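Please open the structure in your viewer and display the side chains.

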Amino acid sequence: TTGIRRGELCAIRLSSLDLTGGRETLWLRKAIRRDPEDRWIEADLKTHQQRRIALDPETVTVLREYTGRRRAQAARLDIELDVEAFLFSNSVDGSEFLTPDSVTQ
């Protein structure tokens with residue numbers, strides 16, 4: 001629903017989301033891309049400009065439920081998700097980002 005790039009999606013951190021009433025937005029600050037040595041890294045956006053996207057009510061509902069499940073899963077393992085945790089991650093603590101190729105397979 002946002003039209004963002006795959007690499008931008010993979011770099012979203014919990015701190016990038018504002019899901020408070022009336023101001024539901026997503027800040028895009030970084031993206032995941034390959035460096036010259038063919039490694040995945042977190043880097044500036046392709047346009048080198050941060051963007052703020054207003055989120056529609058349905059997306060806000062889904063993200064609230066998703067972040068709630070992520071926090072509950074971490075809590076069951078006595079882990080508290082840091083605000084800088086990646087929103088989409090295969091690690092319970094959100095310390096690792098997904099790669100752009102993995103989100104379209």
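Two aromatic pairs are found in a search of the whole structure; rings of Phe, Tyr and Trp (its six-membered ring) pair if their centres lie within 6.5 Å. The model is predicted: local features need pLDDT of at least 70, side-chain atom pairs count only at pLDDT 80 or more, and totals for chains, interfaces and linings use all residues. Residues are numbered from 1 along each chain as its sequence is written, and side-chain values use heavy atoms, with hydrogens and water left out.

Select Tyr-66 and Phe-88. Their ring centres are 5.3 Å apart and their planes stand at 35°, so this pair is tilted (planes under 30 degrees apart count as stacked, over 60 as edge-to-face and the rest as tilted). Tyr-66 belongs to helix α2 (residues 57-76), whereas Phe-88 lies in the segment after α2, 22 residues apart. Helices here are DSSP runs of H or I with at least four residues, and strands are runs of E with at least two, numbered from the N terminus.

Next, select Phe-86 and Phe-97. This pair is edge-to-face, with 5.6 Å from centre to centre and 80° between the planes. Phe-86 is buried at 4% relative accessibility, while Phe-97 is partly exposed at 26% (buried means under 20% relative accessible area, exposed over 50%, partly exposed in between, with a 1.4 Å probe and protein chains only).

Finally, select Asp-78, in the segment after α2. Its phi is near 55°, a positive value in a residue other than glycine, and Asp-78 is exposed, with a relative accessible area of 77%.
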